[in-house]
Amino acid sequence: MAEAWERAVAAALKGHSEPHRVLNLDGAVKCPGGRLPPPSLFHGRLASLEHLSIANVRLSSLEGFPHLPALRRLVLSDNRIAGGLHVLAEAGLDALRDLDLSNNRIASLVDLSSLSKLRLESLDLYECPVTKIEGYRSKVFGLIASLKYLDKMDGDGNERPDTDDEEEEEEDEEDVGEEVENEEGEVEDDAEDEDEEEEEEGEEEEGNEDEEDEGSKQEGDEHNGTEEDKKSIAKNKNENGVNKDDKVTHQCNGPTKDQSSIGKRKRDGDP
């Protein structure tokens with residue numbers, strides 16, 4: 001089960017820079033036996049936590065709660081906690097000022113008495129059975145002298161303003177959202193770059209194919225040209241051969257007309 005908690009913590013811290021001040025594990029793991037993760041999980045890099053939320057994990061026991069000296073706000077709402085709150089006082093949570101136990105099973109004021117050892121300023125018990133006790137609000141304010149707000153209202157019924165811790169938490173969540181958006185934007189940019197590279201590679205391949213086709217065409221043209229040249233040369237040779245033969249034949253047939261006239265005059269005694 002410790003491995004499931006470790007995975008949940010790793011997922012919750014993704015995108016957050018150290019030192020880690022906020023850890024939200026709401027609904028991350030359903031606690032077997034209603035117990036917390038081992039205290040060792042919060043040692044080291046989580047020792048500087050200021051806000052821890054472990055809501056809706058079927059938690060029923062606070063036994064083994066870790067020592068977190070910087071913790072200012074603790075949210076344990078929507079669980080099955082009925083008592084054992086003394087564990088929080090014994091864990092040395094000296095900086096704890098805001099505790100949310102709303103929608104749990106706390107039914108007795110006695111269960112709340114141990115919280116007087118803490119210096120709580122805000123306590124939320126909304127939807128707990130203890131809120132149905134007559135005079136509940138005045139009695140809780142009487143038990144915890146440092147308390148300023150109960151169920152987000154002060155002793156006079158005025159609503160509690162947002163605390164600095166809550167504002168910082170919202171800023172942290174916004175920063176994480178921006179980081180996630182930036183990461184998604186980078187992933188999209190990388191995907192677009194890959195698509196462009198693939199398109200360029202495709203265009204280069206098409207260009208190479210066109211060049212190969214052009215080269216093949218040129219080779220074919222050159223080959224055809226060579227064949228035609230050969231035929232033309234052969235034709236010229238044949239024609240030249242015929243003319244030469246005609247001359248030879250003509251010479252063999254005897255003297256020309258002028259040569260015959262000269263021979264006749266010589267025979268007749270003419271000069």
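The legends below walk through several close-up views of a predicted model.

**Before you start.** Residues are numbered from 1 along each chain as its sequence is written, and side-chain values use heavy atoms, with hydrogens and water left out. In this predicted model, local features need pLDDT of at least 70 and side-chain atom pairs count only at pLDDT 80 or more, while totals for chains, interfaces and linings use all residues.

**View 1. The whole chain, element by element.** Five helices and six strands make up the secondary structure of the chain; helices (H or I, at least four residues) and strands (E, at least two) are DSSP runs, numbered from the N terminus. Starting at the N terminus, the order is α-β-β-β-α-β-β-α-β-α-α. The chain has 271 residues, and 28% of them count as buried. Here, buried means under 20% relative accessible area, exposed means over 50%, and partly exposed lies in between (1.4 Å probe, protein chains only).

**View 2. Inside the largest nonpolar core.** A nonpolar core is a set of buried Ala, Val, Leu, Ile, Met, Phe, Trp, Tyr and Cys residues joined through side-chain atoms within 4.5 Å. The largest one here has 47 residues, and L52, F65, L123 and L125 are the members that touch the most others. At least two residues of this core come from each of α1 (2–13), α2 and α3 (136–143). Helix α1 gives the largest share, four residues. As background, nonpolar side chains in soluble globular proteins tend to be buried together.

View 3. Because R35 sits in the loop between β1 (22–24) and β2 (51–53) and E63 in the loop between β2 and β3, the pair ties together parts that are 28 residues apart in sequence. R35 is partly exposed at 41% relative accessibility, and E63 is partly exposed at 47%.

View 4. The side chains of R160 and D98 meet in a salt bridge, 3.3 Å from N to O. R160 lies in the loop between β6 and α4 and D98 in strand β4 (residues 98–100), so this pair ties together parts that are 62 residues apart in sequence. Are these two residues buried or exposed? R160 is buried, with a relative accessible area of 11%, and D98 is buried too, at 10%. R73 joins in as well: R73, D98 and R160 are linked in a network of salt bridges.

**View 5. D124 meets K152.** Another salt bridge connects D124 with K152, where the closest N and O atoms are 2.7 Å apart. D124 is in strand β5 (residues 122–124) and K152 in the loop between β6 and α4, so to speak two distant parts of the chain, 28 residues apart. D124 counts as buried at 9% relative accessibility, whereas K152 is partly exposed at 41%. K152 also has a positive phi, near 65 degrees, in a residue other than glycine. For context, most residues other than glycine have a negative phi.

**View 6. N56, another positive phi.** N56 is not a glycine, yet its phi is positive, at about 55 degrees. Look for N56 in the loop between β2 and β3. With 40% relative accessibility, N56 counts as partly exposed.

View 7. K30, R58, R80 and R105 form a positive surface patch. Patches are made of residues with over 30% relative accessible area and no salt bridge, with like charges joined within 9 Å and nonpolar side chains (Val, Leu, Ile, Met, Phe, Trp, Tyr) within 5 Å. Lys and Arg count as positive and Asp and Glu as negative, while His and the chain ends are not counted. R80 is found in the loop between β3 (73–75) and α2 (86–90), and is partly exposed at 38% relative accessibility.

**View 8. Partners across the sequence.** D154 lies in the loop between β6 (149–150) and α4 (164–252) and is buried, at 16%. D154 and R137 are 17 residues apart in sequence, and their C-alpha atoms are 9.6 Å apart in space. K139 belongs to helix α3 and is partly exposed at 41%. K139 and L109 are 30 residues apart in sequence, with 8.1 Å from C-alpha to C-alpha.

Notes
Areas by Shrake-Rupley, 256 points an atom, 1.4 Å probe, with all protein chains shown as cover. Salt bridge = Lys/Arg side-chain N within 4 Å of Asp/Glu carboxyl O. Charge placed at Lys NZ, Arg CZ, Asp CG, Glu CD.
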